[in-house]
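Student: I have a protein model open and I'd like to learn how to read its features. Can you walk me through a few?

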Amino acid sequence: MAWNQPGNDGQDRDPWGSGNKGGNSGGNKGGRKRGASDLDDLFRKLSSKLGGKKGGGGDGDNKQPSQISGRLGVLALAAIVVVWAGSGFYTIKESDRGVILRFGEYSGVVGPGLNWKPTFIDKVIPVNVETVREQATNGMMLTSDENVIRVEMNVQYRVTDPAEYLFSVTNPDNSLRQALDSAVRGVIGQSAMEQVLTTNRAFIRDVTQKELEATIAPYKMGITLLDVNFQAARPPEDVKAAFDDVIAAREEEQKTIREAHAYRNEVLPMAKGNAQKLIEEAEAYKASVVFKAEGEVASFAKMLPEYRAAPEITRERLYIDTMERVLSNTRKVIANDKSNSMLVLPLEQLMRGGNSSAPAPKTSLAPKVMNPNTNNSSSYGSAPAQQNSGVRGDAVRVGRQ
């Protein structure tokens, strides 16, 4: 039977021990009203016991403790709400992004700065997206020509999608390292040992990066590869000295080739310039000779009719013009006509006497005639004929046949 069953002759079965006295005007007659809360009764009982009040008090005695307890409950609830709201503020660093989990399920990504989350409902996991991370691999690998070498290679990457980085793969860093090791071994296995050690290092690095990107693309790890570095490739210790000699010889070969190319680039343009200069000078000389010959031909072509009309006069005129050109650069002339006598013309003295304002020398400027058949000579001037005939480069002997 219920403790507060209606119709129980006015006697309430109150579990808290409050009887229904006849003199208590505030008692429960015929049972409590269903609208009263059991929690309010509990607070009233506690308040009355703490305040030293006996049971059976009136409604006026229970009113004040009930109000105090209500206020305390509201204040406690408000304090809890304030503490809960204040605990939800958090800060994301500039280099991080916050991944929000609401009741354990992905909800979104927040940027850097001050943010708020409902405590016990949302959880924020910061992920660094600015730091450049690195994974490396090394080990003994087999080449296509069945040689064993030790290769060291690393990869640099950055997180670009925090959600995929956290949830697509269990451990993306370890997965990337395994993918790098697989890609390196595959590329080295398709290359010869000499190529790995010397010539094809850059090509192997590029191929490894492409293979690695193709391997991790289906897994959506949320990372982006920045660079793949081929750090070292060494032969086994037993043959390391021989391979070092091979590498040194190859480097010396490349050095000699570069020096030869530099010398070629220095000498070849100069030789081409000199050749072009000689060609141009030859072309200019050719043109000048041709033009001069054409001019002389034209000149003789004009003189031919005159010569045919008067050969003697034209011949004399050509002789005079030629002698004029020759004697214009000569200071002394020894002339010989059809006779046996020679004529010495001191042109230098004549020109100096004609151009200078000084008094004329005492010696006569008349020409000196020498007859080789006689011992006597008629001469004018102080210099003997033998001295005049021995002048170097300034005497011309002229004769007509």
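Predicted model: local features only at pLDDT ≥ 70, side-chain atom pairs only at ≥ 80, totals over all residues.

Student: Which residue does the side chain of Asp 206 meet in a salt bridge?

Tutor: To call a salt bridge, you look for a side-chain nitrogen of Lys or Arg within 4 Å of a carboxyl oxygen of Asp or Glu. Here the partner is Arg 205, with 3.0 Å from N to O. Arg 205 is partly exposed too, because its relative accessibility is 25%.

Student: What else does Arg 205 form a salt bridge with?

Tutor: With Asp 227, where the closest N and O atoms are 3.4 Å apart. That pair links distant parts of the chain: Arg 205 is in helix α6 (residues 201–216), while Asp 227 is in strand β8 (residues 223–234), 22 residues apart. Asp 227 comes out as partly exposed, at 26% relative accessible area. Put together, Arg 205, Asp 206 and Asp 227 are linked in a network of salt bridges.

Student: How many salt bridges are there in the whole structure?

Tutor: A search finds seven. Another one to look at joins Arg 185 and Asp 181, with their closest N and O atoms 3.1 Å apart. Both of these residues lie in helix α4 (residues 172–189), and they are four residues apart, about one turn of the helix. Arg 185 has 36% relative accessible area, so we call it partly exposed.

Student: Now for rings. Which residue lies over the face of Phe 230?

Tutor: For this you check where a charged group sits relative to a ring. Here it's Arg 201, found over the face of Phe 230 at 4.7 Å from the ring centre.

Student: And how many aromatic pairs does the count come to?

Tutor: Two. One of them is Trp 84 with Trp 116, an edge-to-face pair with 6.0 Å centre to centre and 85° between the planes. Trp 84 belongs to helix α2 (residues 59–86) and Trp 116 to strand β4 (residues 113–116), so this pair ties together parts that are 32 residues apart in sequence.

Student: Are those two tryptophans buried, or partly exposed?

Tutor: Trp 84 is partly exposed at 32% relative accessible area, and Trp 116 is partly exposed as well, at 40%.

Student: Can we zoom out to the whole chain? How many helices and strands does the protein chain have?

Tutor: It has 10 helices and 12 strands. Of its 401 residues, 21% are buried. The accessible surface of the chain comes to about 28,300 Å², and carbon and sulfur atoms hold 54% of that.

Student: What share of the contacts joins residues 24 or more positions apart?

Tutor: Among contacts with a separation of 6 or more, such residues account for 61%.

Note on methods
Residues numbered from 1 in each chain as written. Heavy atoms only, no water. Helix = DSSP H or I, 4+ residues; strand = E, 2+ residues; numbered from the N terminus. Buried < 20%, exposed > 50% of the residue type's maximum accessible area, 1.4 Å probe, protein only. Contact = heavy atoms within 4.5 Å. Areas by Shrake-Rupley, 256 points an atom, 1.4 Å probe, with all protein chains shown as cover. Phe/Tyr/Trp six-rings, centres within 6.5 Å; stacked < 30°, edge-to-face > 60°. Lys NZ or Arg CZ within 6 Å of the ring centre and 35° of its normal.
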